[in-house]
Amino acid sequence: MPLVRIDIRRNPDPSHVRKLGAVVYEALKATIGVPDRDNFQILNEHDEQHFVYDPAYLGIERTDGMVFIQITISEGRTVEQKKLLYQRIAEGLHAEAGVRREDVFINLLEVRKENWSFGNGQAQYVT
Amino acid sequence: MPLVRIDIRRNPDPSHVRKLGAVVYEALKATIGVPDRDNFQILNEHDEQHFVYDPAYLGIERTDGMVFIQITISEGRTVEQKKLLYQRIAEGLHAEAGVRREDVFINLLEVRKENWSFGNGQAQYVT
Amino acid sequence: MPLVRIDIRRNPDPSHVRKLGAVVYEALKATIGVPDRDNFQILNEHDEQHFVYDPAYLGIERTDGMVFIQITISEGRTVEQKKLLYQRIAEGLHAEAGVRREDVFINLLEVRKENWSFGNGQAQYVT
């Protein structure tokens with residue numbers, strides 16, 4: 001169910017952004033009950049002119065290593081679950097991909113269960 | 001009103017993704033009451049490293065021909081209308097553009113009518 | 001807090017889209033209470049095949065100079081604030097970047113305050 005969009009500055013390693021995506025997927029499974037195999041992501045890389053961030057908003061120091069993660073999920077998660085998700089993503093990206101924790105930006109979009117079709121023109125989450 | 005984002009793997013035919021968009025537009029008009037000419041789309045193509053999907057989630061076999069469609073619409077549509085929309089998009093993409101029905105992924109984002117401006121800095125849907 | 005996505009047709013001036021983003025940021029601060037430094041944007045440019053708009057929907061004449069602006073914000077703004085935001089963006093883009101007012105398309109996505117993490121894996125807006 002989650003549809004994950006990740007945007008970063010262009011990285012010399014073409015597999016880098018995909019590694020970031022794998023960490024996000026594992027975090028979704030570990031913290032908010034996303035089922036195994038439910039993995040759908042669109043990844044983009046940008047040059048300096050197309051990637052804007054403030055290097056100090058809220059007193060957090062950000063660098064060009066910044067990672068924008070916007071995730072569309074079904075509604076129903078608690079605040080506690082969302083906090084766990086953020087922690088897990090930031091820790092995972094740091095440990096497994098060398099991303100600074102300060103550089104992890106996450107936003108969640110929430111939709112109804114009926115707002116998904118995973119193929120064959122059906123609304124698989126509607127019973 | 002709908003803002004349609006379509007993401008696919010890079011296709012050798014540069015007009016392919018635009019054809020997909022035309023099918024989605026027709027489906028929106030046919031099923032959920034989108035008015036004529038209300039057609040706004042951002043289309044993107046990706047290489048393998050930037051396009052992630054599970055080839056079997058929910059028992060549906062997906063291929064590189066996969067089409068991600070994320071549509072922002074005004075709230076108010078019924079579950080039945082959404083189901084018709086999914087069916088129509090999947091059937092249309094199959095019949096008119098040779099897309100496998102299993103490869104059609106759709107997600108809807110819903111917003112209030114006041115959340116749109118179609119030009120001139122006005123909120124045209126607010127009376 | 002706002003996450004701004006701007007999409008335009010490719011412009012010969014590589015700094016053009018960034019200038020558009022700066023105007024949007026100033027409008028967000030001036031009209032809906034976005035704090036200073038809260039500036040996060042992903043900017044994209046497209047060729048003709050990947051950029052679809054109707055040149056006359058709602059009687060508004062649009063050109064290839066069209067600017068798609070999709071902004072994710074926290075919920076809670078009034079209709080009046082949103083209208084001011086649209087006006088300010090359209091006027092600002094016209095005055096400062098030569099964009100036709102008719103070519104300014106804006107959509108707002110609204111989320112809960114808990115749906116943001118600005119770094120360090122924390123939900124900074126949750127008290």
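**Exercise 1. Find what helix H1 of chain B lies across, and at what angle to E1(B) the helix runs.**

Step 1. Helix H1 of chain B covers residues 16–32. Helices (H or I, at least four residues) and strands (E, at least two) are DSSP runs, numbered from the N terminus.

Step 2. The helix lies across strand E1 (3–9), strand E2 (40–46) and E4 of chain B, together with E3 of chain C. Contact means heavy atoms within 4.5 Å.

Step 3. H1 of chain B runs at about 140° to E1(B). Axes are lines fitted to C-alpha atoms, for helices over the stretch in contact, and angles run from 0 to 180 degrees between N-to-C directions.

Step 4. Helix H2 (residues 79–97) of chain B also packs on the sheet, where it touches E4 and E5 of chain B together with E6 of chain A. The direction of H2 makes about 145° with that of E5(B).

The model is predicted: local features need pLDDT of at least 70, side-chain atom pairs count only at pLDDT 80 or more, and totals for chains, interfaces and linings use all residues. Residues are numbered from 1 along each chain as its sequence is written, chains are lettered from A and ligands numbered from 1 in the order in which they are written, and side-chain values use heavy atoms, with hydrogens and water left out.

**Exercise 2. Give the strand order of the six-stranded sheet and name its edges.**

Step 1. The open sheet has the order E6(A)-E5(B)-E4(B)-E1(B)-E2(B)-E3(C), with mixed pairing. Two strands pair if DSSP finds at least two bridges between them.

Step 2. At the edges stand E6 (116–117) of chain A and E3 (51–53) of chain C; each has a single partner strand, so one side of each is left without a neighbour in the sheet.

Step 3. Val67(B) stands opposite Val104(B) in E5(B).

**Exercise 3. Describe the interface of chain A and chain B.**

Step 1. In contact are 35 residues of chain A and 34 residues of chain B.

Step 2. The rule finds three salt bridges across this interface. A salt bridge is a side-chain nitrogen of Lys or Arg within 4 Å of a carboxyl oxygen of Asp or Glu. Arg37(A) and Asp54(B) meet in a salt bridge at 3.0 Å, N to O.

Step 3. On the side of chain A that touches chain B, the largest share, six residues, comes from E2(A).
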